[in-house]
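Please consult the sequence and the structure while reading.

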Amino acid sequence: MQWDLSKFKDVPVKATLANLNDAEIRPFRSDETAQNRKDEETAAEQIKAAWGLTAKKLPRLYHLDFVLLDRNKDIRAFAEVKTRSNTQHAYSEYMVGLSKVLQAKKLCEVTGYASLLIVQWSDFTGWINMHQHHRFGWGGRTDRDDFQDLEPMAFFTASAFKAL
């Protein structure tokens, strides 16, 4: 089927590349660096050592970093891995974007498997079930001057994380 677009020649174009600002045409920004991937590999090794599970990287559309598999390749959990340069108790709370928690909840509801948040602080690696957030609020990064870095957040009590 072909569309006859000639009758639309007088319809004004709402947006063209010439009149869009950078924020409207910016491609997807991946914040993942080589160091992030190295940190994730370290976490995968810690997961294997602590729980005997293999952490497999998930495609971006799953919104979490890993699926955790037993030796039979059966799913045991999903995981989001974060690395921070500060100590565990530098802040009383740890925050994660609410969209991440919502996606984790969907995975849990559909599969029945837990979605875990694993944080590698400078002095401690801990984990918590992502449904154990204790409040919601507004927050995020302010160092990049990017409106997309500020969003609704889920807050977790830092001392509630269990040792990996």
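## Strand β2 and its neighbours

In this predicted model, β2 and β3 are joined by four bridges and pair in the antiparallel sense. L69 has I75 of β3 as its bridge partner. The two strands form a hairpin in which five residues lie between them. Within the turn, K73 has a positive phi of about 65°.

β2 also pairs with β1, again in the antiparallel sense and over four bridges. Here L68 of β2 stands opposite A55. In a regular strand, side chains alternate between the two faces of the sheet. In β2, F66 and L68 point one way, whereas V67 and L69 point the other way. These four residues are all buried.

## The six-stranded sheet

The open sheet to which these strands belong has six strands in the order β1-β2-β3-β5-β6-β9, with mixed pairing. At its edges are β1 and β9 (162-163), each of which pairs on one side only. β3 and β5 run parallel and are joined by seven bridges. One of the residue pairs is V81 with its bridge partner I118 in β5.

Two helices are placed against these strands. α2 packs on the sheet and touches β1, β2, β3, β5 and β6 (125-129). The direction of α2 makes about 115° with that of β5. α3 lies across β3 and β5, and runs at about 140° to β5.

## Helix α2

Helix α2 comprises 18 residues (residues 34-51), which at 1.5 Å a residue should span 26 Å; the C-alpha atoms at its ends are 26 Å apart, in agreement with that value. The buried residues of α2 include D39, E40, A43, A44 and I47. They lie on the same side of α2, because the arc they cover around the axis is only 150°. What covers the buried residues of this helix includes β1 (54-57), β2, β3 (75-83) and β5.

On the other side of α2, the residues A34, K38, E41, E45 and A49 are exposed. After α2 comes G52, with a positive phi near 70°.

## Helix α3

The 14 residues of α3 should span 20 Å at 1.5 Å a residue, and this agrees with the 20 Å between its end C-alpha atoms. V101, A104 and L107 are buried in α3. Seen down the axis, the buried residues of α3 fall within an arc of 120°, and therefore line one face of the helix. An α-helix has 3.6 residues a turn, so residues three or four places apart point the same way.

The buried residues of α3 pack against β3, β4, β5 and β8. K105, E109 and V110, on the other side of α3, are exposed. The helix is followed by G112, which has a positive phi near 85°.

## The three-stranded sheet

A further open sheet contains three strands in the order β4-β8-β7, and its pairing is antiparallel. β4 and β7 (135-140) stand at the edges; each has a single partner strand, so one side of each has no neighbour in the sheet. From one strand to the next, the twist averages 45°.

β7 and β8 run antiparallel and are joined by six bridges. Among the paired positions, G137 has M153 in β8 as its bridge partner.

## The nonpolar cores

Nonpolar side chains tend to be buried together in soluble globular proteins. The largest nonpolar core in the model has 18 residues. Those with the most contacts inside this core are L64, Y94, V96, L117, M130, F156 and F161. At least two residues each come from β2 (66-69), β4 (93-97), α3 (98-111), β5 (114-120) and β8 (150-157). The most is given by α3, which supplies three residues.

Which residues does M130 touch, not counting residues up to four places away in sequence? Its contacts are L64, E80, V96, K100, V101, A104, S115, L116, L117 and F156.

Conventions:
Residues numbered from 1 in each chain as written. Predicted model: local features only at pLDDT ≥ 70, side-chain atom pairs only at ≥ 80, totals over all residues. Heavy atoms only, no water. Core = buried A, V, L, I, M, F, W, Y, C linked by side-chain atoms within 4.5 Å. Buried < 20%, exposed > 50% of the residue type's maximum accessible area, 1.4 Å probe, protein only. Contact = heavy atoms within 4.5 Å. Expected span 1.5 Å × (residues − 1). Arc of directions from axis to C-beta. Pairing = 2+ DSSP bridges. Axes fitted to C-alpha atoms, helices over the stretch in contact; angles between N-to-C directions.
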